[in-house]
Amino acid sequence: MGKSKLLFITHEMSPFLELTKIAEITRQLPQAMQEKGYEIRILMPRFGNINERRNRLHEVIRLSGMNIIINDNDNPLIIKVASIPAARMQVYFLDNEEYFQRKHVFGDKDGKFYADNDERMIFFCKGALETVKKLGWAPDIIHCHGWMSSLVPAYLKTTYKDDPTFKNSKIIYSIYENDFKEKMNGEFTRKAIMSNMTEQHVEAYKEGTNSALYAGAIQYSDGIVLGSENVAADVLNNVKNSNKSVLEFDSTADFENYYNFYDEITNDELVHVA
């Protein structure tokens with residue numbers, strides 16, 4: 001029997017992009033799990049302020065060339081990769097000129113929330129799953145970090161639920177303190193719907209707030225990690241009412257608790273109904 005496969009999907013990771021504590025966790029946790037025997041893959045967006053030359057990113061031709069459809073528009077997906085030599089880990093970057101080639105990450109130079117952050121998130125979530133399919137690598141666990149990956153659990157439990165790459169995957173979602181106070185575009189959930197999905201499948205996401213994105217991810221995940229001690233009260237209440245397996249916040253960084261949680265989730269035979 002081969003190594004268990006663990007996929008991380010995140011919008012930030014040290015040293016490439018450091019916005020919040022997520023960047024530190026997504027740098028240290030994968031390495032810790034690799035040292036425990038997991039086979040690791042990491043996916044994140046290639047935002048425009050990630051220095052390609054300094055971080056030695058290069059395009060993976062065999063993975064590039066797909067188009068991600070959003071709102072009936074074809075959006076080219078370019079895949080790049082970089083290595084972290086100290087950890088023997090590779091990070092795959094999802095790139096698109098229109099969505100990611102900007103000097104700032106989620107807002108303009110004046111801090112105004114980008115109007116198309118909804119489409120950028122949809123592109124990233126769809127693109128991440130299509131990239132893993134093209135890799136031909138079936139993860140046992142998919143661990144999503146941050147609001148930008150919040151649609152992944154919904155897609156996995158609907159459109160991709162019978163896909164050979166993902167049908168046996170367990171989904172874990174890490175919740176942090178709310179990163180933004182704005183709302184997504186009013187058409188967000190309509191644009192987010194994929195095949196085999198209806199408006200009902202994205203109802204929890206509909207308000208487009210940070211808390212609503214978390215609510216949707218909670219609904220479709222097999223396990224929840226409280227990654228911050230400052231999680232919003234309404235989000236905590238949502239977690240409590242979900243009856244999902246929860247890893248409580250722990251300020252220590254030995255990650256043994258994550259290893260045990262992964263083991264618990266993968267061995268949990270209970271079927272969680274979304």
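Visitor: In which sense do S8 and S9 pair, and over how many bridges?
Guide: In this predicted model, S8 and S9 run parallel to each other and are paired over four bridges.

Visitor: Which residue stands opposite leucine 226 in S9?
Guide: That residue is isoleucine 175.

Visitor: What about S10, in which sense does that strand pair with S9?
Guide: The pairing of S9 with S10, residues 245–247, is also described as parallel, and it covers three bridges. Within it, isoleucine 224 has valine 246 of S10 as its bridge partner.

Visitor: Which way do the side chains of S9 point?
Guide: Gly223 and Val225 point one way, Ile224 and Leu226 point the other way, and all of these residues are buried. In general, side chains of a regular strand alternate between the two faces of the sheet.

Visitor: Let us turn to H6. How many of its residues are buried?
Guide: Helix H6 spans residues 210–220 and is mostly covered, with 10 of its 11 residues buried. Among them are Leu213, Tyr214, Ile218 and Tyr220.

Visitor: What covers them?
Guide: The cover of the buried H6 residues includes helices H3 (117–135), H4 (152–156), H5 (188–192) and H7 (233–242). Strands S8 (170–175) and S9 (223–226) also contribute.

Visitor: Where is tyrosine 258 found?
Guide: Tyrosine 258 belongs to helix H8, which comprises residues 256–266.

Visitor: Is that tyrosine buried or exposed, and why?
Guide: Tyrosine 258 counts as buried because its relative accessible area is 8%, and the cut-off for buried is under 20%.

Visitor: Which residues does tyrosine 258 touch?
Guide: Leaving aside residues up to four places away in sequence, tyrosine 258 touches Ile25, Leu29, Met33, His143, Val225 and Leu247. Val225 is one of the buried residues of S9.

Visitor: And how many Å separate tyrosine 258 from lysine 133?
Guide: Their C-alpha atoms are 25 Å apart, and the two residues are separated by 125 residues along the chain.

Visitor: Moving to S1, which strand does it pair with?
Guide: S1, residues 5–10, pairs with S2 in the parallel sense over five bridges. Isoleucine 9 stands opposite leucine 43 in S2. Strand S2 covers residues 39–45 and is mostly covered, five of its seven residues being buried.

Visitor: Which peptide bond is cis?
Guide: The bond from serine 14 to proline 15 is cis, with omega near 5°. Proline 15 sits in the loop between S1 and helix H1 (22–35). Most peptide bonds are trans.

Visitor: What is the phi of arginine 56?
Guide: Arginine 56 has a positive phi of about 55°, although it is not a glycine. This arginine lies in the loop between S2 and strand S3 (58–59).

Visitor: What percentage of the residues is buried?
Guide: Buried residues account for 57% of the 274 residues.

How values were computed. Residues numbered from 1 in each chain as written. Predicted model: local features only at pLDDT ≥ 70, side-chain atom pairs only at ≥ 80, totals over all residues. Heavy atoms only, no water. Buried < 20%, exposed > 50% of the residue type's maximum accessible area, 1.4 Å probe, protein only. Helix = DSSP H or I, 4+ residues; strand = E, 2+ residues; numbered from the N terminus. Pairing = 2+ DSSP bridges. Contact = heavy atoms within 4.5 Å.
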